[in-house]
Number of protein chains: 2
Amino acid sequence: MIHKILIIEDDTDINNMTADALKKAGYGCTQAFSGTEGLLYIEKEPYSLVILDLMLPGMNGEELLPQIKEKQAVPVIVVSAKDSLDSKVELLTSGAEDYMTKPFEIQELIARIGVQIRRFADTQGGKPEVLTYKDLQLCLDSFTATVQGKSIELTRQEFKILELLLSHPDRVYSKQDIYDYAWDDLYIGEDKTINVHISNIRKKLKAVSEQEYIETVWGIGFRLAK
Amino acid sequence: MIHKILIIEDDTDINNMTADALKKAGYGCTQAFSGTEGLLYIEKEPYSLVILDLMLPGMNGEELLPQIKEKQAVPVIVVSAKDSLDSKVELLTSGAEDYMTKPFEIQELIARIGVQIRRFADTQGGKPEVLTYKDLQLCLDSFTATVQGKSIELTRQEFKILELLLSHPDRVYSKQDIYDYAWDDLYIGEDKTINVHISNIRKKLKAVSEQEYIETVWGIGFRLAK
DNA sequence: GCAAAGTTTAAGAAAGGTTAAAGTTATCCT
DNA sequence: AGGATAACTTTAACCTTTCTTAAACTTTGC
């Protein structure tokens with residue numbers, strides 16, 4: 001899953017630079033250049049995180065923060081030139097999850113974003129832990145797979161592919177879909193790679209069960225067998 | 001075990017005098033000279049007891065007390081010049097365990113401290129806070145680890161890593177998870193650090209036991225062995 | 001039957017993991 | 001305060017697993 005981040009920052013250069021770095025780090029970015037613009041985005045769609053500059057023309061960050069929090073349950077990292085402890089404490093108590101002072105290292109920002117997104121995912125944590133299909137079970141947090149109680153060893157990619165297929169048992173997934181889900185960076189190259197992984201998964205499954213699990217949809221992709 | 005006591009008192013003389021007496025009585029002392037300073041210590045580490053002066057510059061004792069209680073389950077003895085019954089009752093109901101009026105006999109204070117610490121140890125005593133896995137035991141409050149009864153020396157990070165793994169024996173923890181849990185500040189840099197710590201833990205465990213404890217999940221992270 | 005798409009196998013490449021040792025930082029103790 | 005000690009991080013060489021690619025083979029659908 002790709003996380004979307006909203007950047008609210010009036011300085012064009014900083015905004016662009018931040019967006020570039022975050023995209024490289026694998027996030028999706030929406031750039032807002034004023035507080036009001038930022039609010040519009042917040043109303044329109046959900047974000048995984050907001051980066052908020054405090055010094056904004058018109059509505060400033062301090063006013064904006066409570067409004068963001070009101071509209072969407074989302075972690076906010078505040079960025080500002082102010083570095084007094086006072087405003088820091090105030091901000092954290094008024095709802096920001098974290099705080100950075102300018103100028104900041106982009107690497108540190110990315111690290112802090114990671115912390116907040118992960119933490120938020122935990123507290124929100126409404127995700128299913130176990131996926132089941134026929135007699136095949138995938139336990140997401142322990143990374144184990146079992147067939148008829150017998151556990152089988154899967155590699156990371158194999159596990160991810162099965163996870164995707166089990167998430168919607170009826171749906172057909174193209175190779176591109178599978179790449180997008182199971183690989184971190186986008187992958188350009190032989191699309192036979194997927195076939196090999198599928199083949200390996202089938203082999204492992206066949207070793208413990210007679211059943212067919214993965215079905216080939218010719219010219220389209222793969223799906224779980226009926 | 002040595003008990004640590006936090007003294008929150010703005011009068012330097014009284015603070016020092018109290019600290020001296022408590023040290024002589026065998027306690028460890030941390031001295032804070034304002035409410036906010038006191039809160040910082042409370043956030044940072046656990047205490048066996050807090051001595052809180054009510055008349056403090058800035059944030060006063062009445063405000064501080066609930067915040068202390070929120071951050072840490074610790075008995076509080078309040079000290080004040082006020083001797084009206086009203087404020088006494090109010091304080092006890094708002095969370096203070098005991099109350100003394102200035103000027104006080106240091107011997108009496110020490111006696112009351114002893115009472116509170118003993119009482120608190122009893123009521124808390126219900127939770128041993130010991131994590132167990134196979135023949136490995138981690139005692140959280142005493143920071144000790146034993147294998148088959150033999151105790152082994154772990155460093156802070158090693159202990160934290162084991163603590164995380166033992167908290168959910170089936171779950172796989174990524175290096176990122178481990179960083180988030182065992183390190184206070186966010187970490188940017190080589191992720192080999194974790195590998196080294198894992199390696200060191202294994203070495204220490206291997207010195208006293210044949211068993212495998214930590215399992216590598218390739219491409220994902222680490223987990224306790226089945 | 002033929003072309004396009006899929007499967008399988010095997011081997012080399014790449015990524016990730018382990019370990020020991022050296023370098024750095026923090027902590028303790030006098 | 002300063003030196004000793006312990007803890008943590010980094011480095012680098014080596015090892016293991018996993019991924020990708022290529023080649024030969026099989027299936028599907030026109």
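Helix α8 (192–206) of chain A and helix α8 (192–206) of chain B each supply at least two residues of the surface near DNA strand C, where a residue is near a strand if its C-beta atom, placed from the backbone, lies within 6 Å of it. Helices here are DSSP runs of H or I of at least four residues, strands are runs of E of at least two, and both are numbered from the N terminus. This is a predicted model, in which local features need pLDDT of at least 70 and side-chain atom pairs count only at pLDDT 80 or more, while totals for chains, interfaces and linings use all residues. Residues are numbered from 1 along each chain as its sequence is written, and chains are lettered from A and ligands numbered from 1 in the order in which they are written.

**Surfaces near the DNA**

- DNA strand C is surrounded by 20 residues, the closest being A:Asn195, A:Ser199, A:Thr216, B:Asn195 and B:Thr216.

**Contact between the chains**

- In the interface, 11 residues of chain A are in contact with 10 residues of chain B, a contact being a pair of residues whose C-beta atoms, placed from the backbone, lie within 7 Å.
- Helix α5 (residues 106–124) of chain A contributes the largest share of the side of chain A that touches chain B, namely 6 residues, and the residues of that side divide into 3 nonpolar, 3 polar and 5 charged.

- Chain A has 8 helices and 11 strands, and buried residues make up 23% of its 226 residues; a residue is buried if 20 or more other C-beta atoms lie within 10 Å of its own, exposed if 12 or fewer, and partly exposed in between, with C-beta atoms placed from the backbone.
- The largest nonpolar core has 34 residues, and those with the most contacts inside it are A:Leu162, A:Leu165, B:Leu162 and B:Leu165; such a core is a set of buried Ala, Val, Leu, Ile, Met, Phe, Trp, Tyr and Cys residues joined through C-beta atoms within 7 Å.
- Helix α6(A) gives the most to this core, with 5 residues.
- Leaving aside neighbours within four places in sequence, A:Leu162 is in contact with A:Leu138, A:Ala145, A:Leu154 and A:Ile201.
- A second, separate core of 23 residues includes B:Ile8, B:Ile42, B:Leu54 and B:Val78.

- In chain A, the buried residues of helix α2 (residues 35–44) are A:Gly35, A:Gly38 and A:Ile42; seen down the axis of α2(A), they fall within an arc of 60° and so line one face of the helix, the arc being that of the directions from the helix axis to the C-beta atoms.
- These buried residues of α2(A) pack against β1 (4–8), β2 (28–32) and α3 (61–71) of chain A, whereas the face turned away from the buried side carries the exposed residues A:Leu40, A:Glu43 and A:Lys44.
- In chain B, helix α2 (residues 35–44) has B:Gly35, B:Gly38 and B:Ile42 as its buried residues, and the face of α2(B) turned away from its buried side carries the exposed residues B:Leu40, B:Glu43 and B:Lys44.

**The β10–β11 hairpin of chain B**

- Strand β10 (residues 214–217) of chain B runs antiparallel to β11(B) and is joined to it by 4 bridges, where two strands pair if DSSP finds at least two bridges between them.
- The two strands form a hairpin with 3 residues between them, and B:Gly219 in the turn has a positive phi of about 80°.
- From β11(B), B:Gly221 and B:Arg223 point one way and B:Phe222 and B:Leu224 the other way, and all are buried.

**Positive phi in loops of chain A**

- A:Lys134, in the loop between β6 (130–133) and β7 (136–139) of chain A, has a positive phi near 50° although this residue is not a glycine.
- A:Gln148, in the loop between β8 (144–147) and β9 (150–152) of chain A, has a positive phi of about 50° and is likewise not a glycine.

Note on methods:
Contact = placed C-beta atoms within 7 Å. Nonpolar A, V, L, I, M, F, W, Y, C, P; charged D, E, K, R; others polar.
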